[in-house]
Amino acid sequence: MATTTATITISSTDLLTDELSLSTSAAFTAAGNSTGIVATGGLGRKTTGNTTEYTLLDASLYTDDAAHKVYLKNMSVTPAQYFEVQIAGVVVGKLYAGDWALIPWSADTTGTNCDVDITPSHANMVLEYMLFVG
Amino acid sequence: MATTTATITLSSADLLTDSLSLSATQTLYKAGTTTGVEEYDMGRVVVPAGGSPLILVDATAAGNDKAGKIYVANKNTDETNYVIISMNDTVIGRLYSGDWMFIPWSQVDVSADIEVKAPNEANAVEWVFFHEGKTFSAA
């Protein structure tokens, strides 16, 4: 088994009157046990040609209702450029320039088609992504 | 405006043949701008076992199509326990004990609530929602 760790640190000195500092780490394990994940979808970099919707991750290729995680990052530096992220056809949110996300993913195919889809706001945008297979 | 940053570090010495080390930092801006977000809500709840999904964070009209970000962590320590995260009554994924997520949340409509369900046992969940404003309920 492998040991893979994800740490998030959120901080601000002026969002509040007092300083905000939050940090937590998670070891990626398979669903329901303490065994480290052993597979990844690899680190990918996708340049989208136009503003149509793309299927980034096909749920049918992965185990349903496991402990998968998806990392996304919008590589744009233009503030107005975003990727709309959908899971199972539901709009989760817009990932603006420079934003990243770590999303738990059920990859369910029984109740819903839980593909991860992205729609770029502009042509020729770049997204980096990685799937951790739980 | 405030400056709030979120940094992720992904690392593993043995998931791949080569070492994995990835770090990314974002500043939390309002949608389509370089103006920092100025509002947030946070909380800690114990999600009771079983039952129907519960609303963890309520979507409101004021948040519609904005650049909100939400952090959720499952603070349970039993590896077999998890919470199911849903949005708009659709399952997104599971957060097992110790797992966290940080996702954009655009609140496409007032039904796009962040929902949570603990199928097995009660799970303590912590969350922070960074946003551009919300619609308050009338007193």
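The model is predicted: local features need pLDDT of at least 70, side-chain atom pairs count only at pLDDT 80 or more, and totals for chains, interfaces and linings use all residues. Residues are numbered from 1 along each chain as its sequence is written, while chains are lettered from A and ligands numbered from 1 in the order in which they are written.

**Interface of chains A and B**

- Contact, meaning C-beta atoms placed from the backbone that lie within 7 Å, links 51 residues of chain A with 50 residues of chain B.
- On the side of chain A that touches chain B, E1(A) gives the largest share, with nine residues.
- That side of chain A has 27 nonpolar, 18 polar and six charged residues; Ala, Val, Leu, Ile, Met, Phe, Trp, Tyr, Cys and Pro count as nonpolar, Asp, Glu, Lys and Arg as charged, and the others, Gly among them, as polar.

**Strand pairing**

- E1(A) and strand E1 (residues 4–12) of chain B run antiparallel and are joined by nine bridges.
- Strands are DSSP runs (E, at least two residues), numbered from the N terminus, and two of them pair if DSSP finds at least two bridges between them.
- Thr7(A) has Thr9(B) in E1(B) as its bridge partner.

**Lys66(B)**

- Lys66(B) sits in the loop between strand E4 (54–57) and strand E5 (68–74) of chain B.
- Lys66(B) counts as buried because it has 20 C-beta neighbours inside 10 Å; the cut-off for buried is 20 or more other C-beta atoms within 10 Å, with C-beta atoms placed from the backbone.
- Leaving out residues up to four places away in sequence, Lys66(B) touches Ala31(B), Ser106(B), Gln107(B), His131(B) and Glu132(B).

Definitions and conventions
Helix = DSSP H or I, 4+ residues; strand = E, 2+ residues; numbered from the N terminus. Buried ≥ 20, exposed ≤ 12 C-beta atoms within 10 Å, placed from the backbone. Contact = placed C-beta atoms within 7 Å.
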